[in-house]
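Hi,

Here is the structure I said I'd send over.

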Amino acid sequence: MKEVKQQMTQIMEELTAAEIGHQEEGANAVASSSSPTEEPILAETTASEVKETESSEKNTVERHWDFSNRKVIVHNVMKFMKNKETAKMVTSWMKAAQEKYPDKTIDFEKFRKPPQDSFVVITMKEESMCPLLIQYINENKLKNKRGYELVAKPGAEESNDNKKRGAADDTEHTSAPTSKRQRIIDESTSAARRPVTEEEVQNKVTPLWQLSADEQKSKKMTNMIKGCAMKIVANVKKRFRELDRDKKRQTVQLYAWLKGDRSVFVENIVSAPTPLRNKCEFNFGYRYQFDDENKEDAEPTKIPAVGFMVTGWAGGVSRPHVCQNIPTEVCQLVDLVDTFLATSPLPPYDVKDHVGFWRVMTLRTSRRTRECMVIIQHTPPSGGVGDESSYAGYFEAEQVRLVSVLTAAELQVPNDEPIKVTCVFFQEFGGVSHPPPEHPVQHVFGKKTLTERLGQCHFQISPGAFFQVNTEGAEILYQMVVDRVKEVTPSAKDMLLFDVCCGTGTIGLTCLKEGAVGRVVGVDISEPAIKDAKVNAVANGFTVRKDESNEGDSTPKSWDVAFVAARAEQVLSKEIGKAKEENLQFVAVVDPAREGLHNEVLRTLRANRRIKRIVYVSCNPTGSLVQDATLLCQPASKKYPGNAFRITSASPVDMFPLTDHCEMVMTFDRLSEKELEISS
Ligand SMILES: C[S@@+](CC[C@H](N)C(=O)[O-])C[C@H]1O[C@@H](n2cnc3c(N)ncnc32)[C@H](O)[C@@H]1O
C-alpha cells in the first residue's frame, strides 16, 4: 500500500495537466500518386472534399497504413467502386447514424478505398464517434449490392496485423493488380517469406512475457493511475472550467473531493493466480516450413494448420504452444486438428483473398467441470464471398471425420483426469470479417452449453454468450464487486441490484448467492446470454420473474431475479420505473463491453436519485471508463441531470497476466446535497 502511495505521489509530481490531456493523433503520411499511369491503390478522400465537390475523383497514394483509434473499417463493400460512389455511401452512413443518435455528433474526416479490395477505411472526426458508426452499420445489417452483409470494426483492432505486414504490403499493392489465385501462388512461393519466430508469437500474444510478475504489476499500476484515475480527475476539472467560462450558467465551485492531490486513490493491483485462458480463438491457415532457412531464395513448404496468425496471412499460422496463457489441453486439440488438416481435401480460408473453407476454431474449456466446447467456423459449402469454388462435395464427410477426431481425444491436464470434448458446433459464415456474437451456430455433437463453476454458483454458457476468459480471475473480480455492493447494504433483502450488461447473469447471481442483495434485474443485449442467465438463476436456486410476454405462466409473483434481453439504453429507465413501485433501495453494477456505456444509460443512472452507488467493472479503463466516469462525476446539466457522483474506490484486477490489458472495478457514490454545496 505504501509503495503504491509513493508511486502515486511521484507520478502526480511528474505529470502536468497538459500531459494527461487528450493526445492528438499523429499526422498521416500521404504521398501523391507519382505516375498518372499507376493504378491508384489507396485512395483517400476527406469529408470536406466530399462536401465541396462531389464530382472530385482526386486520388492519392498513401505509403503506410494508419490504423489509429479514430478509424473504422467497413468490410464487404463492393470492389472497384468509384470514389464518388464511395463518398456517397459513406456520407449516407454518417447521416443515418446521426439520425439514430441525435444527441451525438457523428462525422468523418476522410476515407480510403483501395479499388481492388472490398473494404473502406473511414477516419472519424473523434474517437468517440467510432463505436456509434460501427453500431449503426452492424446493427442495421446493411448489405452491399450483392446482398452480403457489411461488417464494421474499429480500425485499431486490425492495426497490428496490417502494420506488421508493412513494407511487403506496400510493394504488393503498388504493383499491377494480379488475379486472386495468382497472388496466392505468388505469396506461397515468395522468397521474401521467412518463418515467424517463437519470440514473435509470444510478443504478439503475451507482450509482457519477458517481465516478472512484479514488473507487470508495476507497469499496469502506472497505467491505471496515469491513464485512468488522473485522466478522469483532469477531465472533470476541465468540465468545471468550461462551466465557469459559460456565462449563461451559474458558477459551480469545484467539489471538495476533487481538491486534494489524491482525488482518486488507486488500490494495489490484484492479479489472477494463473494466466490460463478458458477461451482461445485460432485461425486456420498455412504454416510455412523452411527446409533451408539460410538459403536466400528458400521456398517454404505450405502446411495447412490452425494457430495464431501473428503477422497476418503472409506470415502464416504459428503454433500457440509457446504462449504461457494457452492451456496444455488446448494445445493438444490444436495438434489433433493439424493432423486432421493434413489429409483434408478442404483448404484453410485465406483471409486476404477470401477463398478456402476452414476459418476459425474457438475452444472453451473448464478444468473445474472438465468440459470442452469446440466451435468450428467455415465458409458456406457452396463457397464464400467472391469464392467460385464449391466445397459441398466434401463438407459432410469432413464434418463427420473432424467431429470423430475431436471427440475421441483424451486431453491430458497436469495432476488431473483427462478432459474430453463435450460439445461441438459448426458455424457457417460467408462474410469477410468476423460474424456478430448472435450469428447462428449449428450444433453437431454433445451438450449445447458448457458449464463453469465460479464461487458458490455454476453457470451454463452458450456458444454466443460472453463469459470472463480467466475463471480464477473472474472469481476475484466478482468477490470485489460483492464486497463493494455489501458496503452499501443496510439490509440485503431490501436492496435491488441492477446488473447492467449482465451476460449470463454471473455478477447478479453471485451477489444474490453471497447475500449482498435481495433482488436482481439484469439486462443484456445478447439473447443467448439472457437465456443462459434465466437457466442459471433457476439452477442456482432462484425464482425468475414472470415474463410479461408469456401470459399464463405459472411463475409465482414473488421473484428473485429478472433478466431482460434488450439494449440497456432502451429498457433500463423502464425497469427502474417498475422497481420504484416496491419499497427497495437500489444499487447498480455496470460491466459494459469495450465501448463503454451508452449515454442514455449514464443519463438514466444519474437521473435516478435512488441509485446511490454504481460499481463499474471496466475492461477498458484507460478509454471508455474515463469518458463514462467524467459524465457521472461532472456537475449536473440539462443533458445529465441529478447529483453528481464521486469516485470512492478504484481497484485494478489483472485478469490478463502477460498482456497489456487490465480490468478496473471503480465505485461511484452519489454526492449528498451538503457535499454539492458551493464551497470555496
Ligand atoms: C464485458 S461483458 C460482461 C458480461 C457479464 N457482466 C460477465 O461478467 O460475464 C459485456 C456484456 O455487455 C453486453 N452488451 C453490449 N452492448 C450492450 C447494450 N447496449 N445493452 C446491454 N448489454 C450490452 C454484451 O452482450 C456482454 O454480455
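Below is what I found, starting with the whole chain and then going to the annotated positions.

Just so you know, this is a predicted model. The protein chain has 680 residues, and 42% of them are buried. If you take the contacts between residues at least 6 apart in sequence, 72% of them link residues at least 24 apart.

Now for the annotated spots. UniProt, in an unreviewed entry, puts a "binding site" annotation on Q468, D524 and D591. Bear in mind that such annotations may be inferred rather than shown by experiment.

Q468 sits in the loop that runs between β16 (457-461) and α11 (471-487). It counts as buried because it has 25 C-beta neighbours inside 10 Å, and the cut-off for that label is 20 or more. Setting aside neighbours within four places in sequence, Q468 touches G473, A474, L477 and M655.

D591 is also in a loop, this one between β20 (585-590) and α15 (599-607). Is D591 buried or exposed? It is buried, since 24 other C-beta atoms lie within 10 Å. Again leaving out neighbours within four places in sequence, the contacts of D591 are C501, I507 and V617.

Cheers

Key: Residues are numbered from 1 along each chain as its sequence is written. This is a predicted model: local features need pLDDT of at least 70, side-chain atom pairs count only at pLDDT 80 or more; totals for chains, interfaces and linings use all residues. Helices (H or I, at least four residues) and strands (E, at least two) are DSSP runs, numbered from the N terminus. A residue is buried if 20 or more other C-beta atoms lie within 10 Å of its own, exposed if 12 or fewer, and partly exposed in between; C-beta atoms are placed from the backbone. Two residues are in contact if their C-beta atoms, placed from the backbone, lie within 7 Å.
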